[in-house]
Amino acid sequence: MPDYQAIIDEIRGILLSSDATRSERDEPLARDYAQACAEANGRLAGSQKLLKQGLRAEALHAAKSQPDLIEGIESLFFFTGRADWLERVEMYALPASQALDEEAFASLQEAFAEEAPLQNLLRKHRRLAMARAPLRERIGVLRRLAEQDPTSPIWLENIGTYEAVRIEQIRHEAARARANRDVAGLSALEAELSSSGWTVSLPPNVLADVRRALAQFRKEDARRELAAVELELNEAHSAFDYARARTARGRWTTSLNLASLPSDDPLLERAEPALEWLARRDRDDQEEAEYQHACGLLDAHLDEEAARGDLERAYQAVTRFDRGLPSVMQTRYEARLRAIEIEGTRRRRLVLACSVSGIVIAGSLGGWIFYQQGRSREARLVSDVIVRALDEGKLEGAIKAEADARKNDPGLLRSAETAEARSRLAQAVKAEEQRRTDFAAALGDASVAGIAKDPPESLVRARALARGEEIGQVERLEGSRHRSFEARVTTNTKEFLPKYQAVLTTIAALREAIPRAEDYEEIEKQVEAALTAKPVLADQPEFYGEELHQTGDSIGRISAEIRSEVELRRRERSATEGIARSIREIAGRPESYEAALNATLKDKQLASRPRGQDSLRVIGEKPAWSAAIDWSRCVRGWGENAMDVLSKDAFVRAKQCDVLLEKHATLPDRDSIAAIRDHFQALDKRREAKEVIEGVLSSFLFDRVQLVEVDESRGTMRYYAKSPPDGQNARFLIGFSATNVRPKVIPAGKFRTSQAPQTKHVNAIRKAFQDDPTLARWDGMMLDAMKRLAQDPKLDPIPKRILMIQMAQAGSQGSMGFRDAIGEMLGRLKDPKIPDGMYWMDPEKNATCDPVRKDIEEIIAELRWDIVAEKMTDGRAKLAKILRTVPQPVGVLVQPKKGDWQCEPRIAAPRDGRLFVIVPGAKQSAWKSVGAVKDRKVVVSPSEVDLLVQGRLVFSAPD
């Protein structure tokens, strides 16, 4: 990928040059710039595609990968002088570059802006996950993420998975809290269960059990609290300590609500006197406060010179306490009442004087207008009668009223009061004549209109215009048309309904056959054939009965359901095939399996179906199957000879095992992984163990020691020296330090010199190390050396035992199999009854050493080398079997049709064996058998029906 900034810097250099002529760098630089712009747009298009699929996190990750896309775009498309460069490109006909895809760039910037507020929550989410924080905290963060990032379905999916596990945790936590009477813990669980953020349905018994236990414990605690409060209440009552008693009463009331004491409980009787005393004191205090308030209100009214009614009400509020008013306030109240009375008398006299003057003036005008008012009232009466009749739709009544007035008093119709009524009447008469004409025309048109289910427009118009007997004419015409329509509908239904029902039966049978079908194309062909056989209704649809229409609608609906179901099943099959294909990549790209599962959930229709629910369930089981995949990949990467590796490889493999054990706390193979790790750790320690052995071999008592046998009167004596005797002078080892020597005169011809037996063994062991520099034959080398030591009759039993113990201990550090096999033998050799520090090298002390030598020889004689060799073989075989039988992913469970379960892809298993799935548990996942491989054929036969989940990963392991 080109260095964007380097290209831009070079372009700027050319643009800043004083030489504007074309240079030899122009064309390759323009080509590089065009390629960089094309690559940036290509990455933009990829990010845009991911954004449209709802994969915002993946799109941002792709954009932030080096080189950073946003920074690259800013460098390529927004640098100073870009317009000058594009002009130079056009002028010299250089390779042109693409313009920025601004829409895609804007979408990407918007995605970054939306992601920014989520970063703190995402960091907290990752931190809690790495710290294995309690699910309660992690679910809270996920809920906030889902609230702030509603376009990403992954949060709700994870919340559902976590909440299902959390509910099981709550069951166990509630049980522990009940056993420990942990009220605080139960209260916290109740608050958590009662919160409104749950996306899964809470089992009703979980919250009910917590509340029931909490109520019981609170009731018992409240009963104990009441007993303590009762004593405090009575002590405060005896001391007339009102403040202390009120505080105690508050505690009493709170606890009493929780304790639900029976009415005859002794606690209630003992507390009653104190509570009644408090109630009386409360009433007295309340009455005093109300009296003071009433006095204050009356005092304020007097200050404000309020009205008489307000004063009297305030006065009554005070006097209801039967305590009277303070003397000063009583005097002020009476004075204010007298002032109000004097002011009222003056106002009444003024009003009376004004009223008498008005009556005298009005009397002089009455007679003059009496006559005119009478004629006007009669004209208005005629007008009102006509208008009321017209408003009520009674035209005949209005005409009669006008005629009566014309006959009895024509002058009234000439008055201004009746002008508007007469005008309205004339318009109404004209409109009625037009209505009758329109009705006759509409009825005539309707009588010759063609038969149809709905009335023609002319008939609708005629009904709207009809009045009186005209309505009957319309109804008779409607009845005639309806009978004709029903007759035609009956004829058509009898002819076509049986044919439609036959097609419906065929279509319905095809829908029922879909779950058992293998060839969806054939189903579609049969559907099309059935629809082709359905007769086409040539006439208008309205002439076919409701039953015929319903049957036709059912045919159309079921046909559409079949097409939709077939399409969904095709997509399900495609999703299943995608999940199965991902198994081929699972060794190198395990994330491809999860991506294939998530692809099913992105299809909203599939996500709501059992296939989608299965994918959601399998995704929720990721901690279990991802652990199994990591373990299988690890073993597969070690190859066939996994047990025999060099020290540096053993160190790496031991670390791999440690990582697996730390990462996957619920993996059911943890004991096996620990055993394999211990084996590799021992292999890694062989170099250290060899150095320990070489240190033992370098001891001055074992390394380069000469055996000098001297014939003496008491027999042949064995002496050990670091060099052969020089003449008659010799210095022999008599202790555990190189300085512990004894000189001795040995006559010539009376001694024989040879290499000491222990030195021969030391040299043999060193030779074995040289022959096997990689220490691959460690177990056999250690066992052979010990066996040769044990079977050497010339080697003194005491150093023989020392060397055997040292070889066994150091050999155990380099091999777990050797350690387990030699353990019992090492225990025999280290018999505490055998003393250490025996001076076996000093022949003068043989008398004290001989009994010990005898005991050692008896122990060594009883050692079973065949049993040790067999244990070593069995231990190695056990480890080899662990590695050989690690389950490997071979496919996923699929159900092509109902009742038929298979493992896809149909791979040929390497050998006969069993099929497993791994399912999560509360504390540890578990391997469950779902079938077997026999004669290279895969047969799915689960031990439990619940194990059959589409998309669940299938593992194979040899027997």
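How far apart are the mean positions of the positive and negative charges of the protein? I looked this up and noted that the mean positions of the 147 positive and 151 negative charges are 4 Å apart. For this count Lys and Arg are positive and Asp and Glu negative, while His and the chain ends are not counted, and the place of a charge is NZ of Lys, CZ of Arg, CG of Asp or CD of Glu.

I reminded myself that this is a predicted model, in which local features need pLDDT of at least 70 and side-chain atom pairs count only at pLDDT 80 or more, whereas totals for chains, interfaces and linings use all residues. Residues are numbered from 1 along each chain as its sequence is written, and side-chain values use heavy atoms, with hydrogens and water left out.

**Entry: the whole protein**

I found 36 helices and eleven strands in the protein; these are DSSP runs numbered from the N terminus, with helices (H or I) of at least four residues and strands (E) of at least two. The protein is more spread out than a compact globule, because its radius of gyration is 55 Å, well over the 30 Å that the globule rule gives for 959 residues. That radius is taken over C-alpha atoms, and the rule is 2.2 Å times the number of residues to the power 0.38. Along the principal axes, the C-alpha atoms fill a box of roughly 190 × 105 × 85 Å.

I then noted that 39% of the 959 residues are buried, where buried means under 20% relative accessible area, exposed over 50%, and partly exposed in between (1.4 Å probe, protein chains only). The protein exposes about 54200 Å², of which carbon and sulfur atoms supply 52%; the areas come from the Shrake-Rupley method with a 1.4 Å probe, and for residues only the protein chains shown count as cover. Among contacts (heavy atoms within 4.5 Å) with a separation of 6 or more, 68% join residues 24 or more positions apart.

**Entry: single residues**

I looked up alanine 93 in the loop between helix H5 (82-91) and helix H6 (102-115), where its phi is near 55°, a positive value in a residue other than glycine. Alanine 93 counts as exposed because its relative accessible area is 66%.

Arginine 704, in the loop between helix H30 (686-697) and strand E1 (706-712), has a positive phi of about 50° although it is not a glycine. Its relative accessible area is 60%, so arginine 704 is exposed.
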